[in-house]
Amino acid sequence: MEKKTVLVTDDVEVNRVILREILKDEYNILEAADGLETMQIIHEKGDMISAVLLDVIMPNMDGFAVLEHMGEEKLLDRVPVLLISADRSVEFERDGYQKGAFDFIHKPFDGLIVKARLKRAVELYENKNHLKEVVNKQTELLQKQIVQLKSQEKQLRKMNSNIIDVMSSVVEFRNLESGLHVKRIRKYSLALAKTVMQNDPEYHLTPEKVECIGEASVLHDVGKIGIPDSVLLKPGKLTPEEFEIMKTHTTKGAAIIDELEWIQGEDIHQVSTDICLYHHEKYDGKGYPNGLKGDEIPISAQIVSVADCFDALTSVRCYKPPYSTDEAYNMIQKGQCGAFSPQMLKCLTLTLPEFKRIYEQYGDKAQ
Amino acid sequence: MLDVDKTALQTIGIDYDEGVKRFSGNAEIYETFLLKFSDDATFEELDQAMQNRDYGTAFSAAHTLKGVTGNLSMNHLYEELVSFVEMLRSSTDLESAIAYYPTVKKTYQDLVSQLKSM
């Protein structure tokens, strides 16, 4: 293994000679007689130097000044400096350490001790510097990986989004619903969910959950694909038996969701299921399929329920013209579309301006 | 000077074996420096400074000398210099330093004249 290089600085020749004799078998020795020479050598050969043995009392530039210079040039992080001194006073040592010295070597020299201290210093710094390098490389690598992971995550989300879009397109097509209806439901649900997150912390909504609800809302009627045409496309009022069949679009929807293999995140699976199953449940328990009451109904379903109601009222139907947004709002508040929770009604009030904007932009009449 | 008179050196307070050991067993180099010691100008500096009552310079010189004598195992002179340096360090003890100086000077001069004769 190559010998490491050590810089020995002392204005007294005897001292340099002794140190050279002690160290020459194990190290390459560079010598300097004062601070200026020391700095010169450091500037020329700094990269090669594994340690500096530095006398303090020297003419032209003393050891402390050298330390200060090295500190300013950020060299003390990389190169250990062992101060040589015949002075054992506490103030002196404190001064040395404060200025960045790594260790002290006392005169008169003891060869074994000098070698031992030097070895420790050199090895420690070697490890430290090597470790620093390793950590830097690792960090670089990790950062690259993070970028990759983020991009992958984005792609996965997109894929999920695409699945949902495909599904909802199928439903729309079958159901004679317009593409705008799907867009509106998504936007209404998203807007309402945001309001709930901001005003009702007891539902524990996060921005991620809000986005999830927005995405999944689009699938609320996917179950209709399992309803026969005779019922689904009947222009008139449904008979009680036909209505029972229609009601099953909730459970059928959940079954379809179950069949899908979601690529990432159980969240969206659960939320989609909840929405499909329960978007016709009512706060007073008079909804279907299970007659859930109050907050037994998952918040995602409650939200989509309001959105669905609002959209149905403000849209053209074969059996009615569209209501205005204000009329629809009032009807919902009065419970004319079934009971909603007071929190939902409050959030609807807060979100109404946004609902109106959405309606302006994407309403049926905009077509 | 390989058949050096260790006992002679001992009388002036030099521990030859210890010195060689410090020079990693290189007796030749140790002896060279022992002999060179008489040419060393540091004591001159110290002497001048004491005469001029420049105790700052005296302290530096004494300190340097202390280091050299220690490294050369000139233990007797070294010990005296240790005490002397401490006296000079505290500006309140200058009286003692001035009083002690002649002792140090004598030890030095005895040592140098003995070395010159070897």
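Where in chain A is the place of A:Leu75?

1. A:Leu75 sits in the loop between α3 (63-72) and β4 (81-85) of chain A. Helices are DSSP runs of H or I with at least four residues, strands are E runs of at least two, and both are numbered from the N terminus.

2. The model is predicted: local features need pLDDT of at least 70, side-chain atom pairs count only at pLDDT 80 or more, and totals for chains, interfaces and linings use all residues. Residues are numbered from 1 along each chain as its sequence is written, and chains are lettered from A and ligands numbered from 1 in the order in which they are written.

3. A:Leu75 counts as partly exposed because it has 18 C-beta neighbours inside 10 Å. Buried takes 20 or more other C-beta atoms within 10 Å of a residue's own, exposed 12 or fewer, and partly exposed lies in between, with C-beta atoms placed from the backbone.

4. Neighbours within four places in sequence aside, A:Leu75 is in contact with A:Ile42, A:Gly46 and A:Met70 (C-beta atoms, placed from the backbone, within 7 Å). A:Ile42 is 33 residues from A:Leu75 along the chain, and their C-alpha atoms are separated by 9.4 Å.

5. In chain A, the axes of helix α1 (residues 13-23) and helix α5 (residues 111-175) come within 10 Å and cross at roughly 70 degrees. Axes are lines fitted to C-alpha atoms, for helices over the stretch in contact, with angles from 0 to 180 degrees between N-to-C directions. α1(A) is therefore roughly perpendicular to α5(A) (65 to 115 degrees).

6. Chain A has 14 helices and five strands. Of its 367 residues, 37% count as buried.

Technical notes:
Angles under 35 degrees count as roughly parallel, over 145 as roughly antiparallel, 65 to 115 as roughly perpendicular and the rest as oblique. Two residues are in contact if their C-beta atoms, placed from the backbone, lie within 7 Å.
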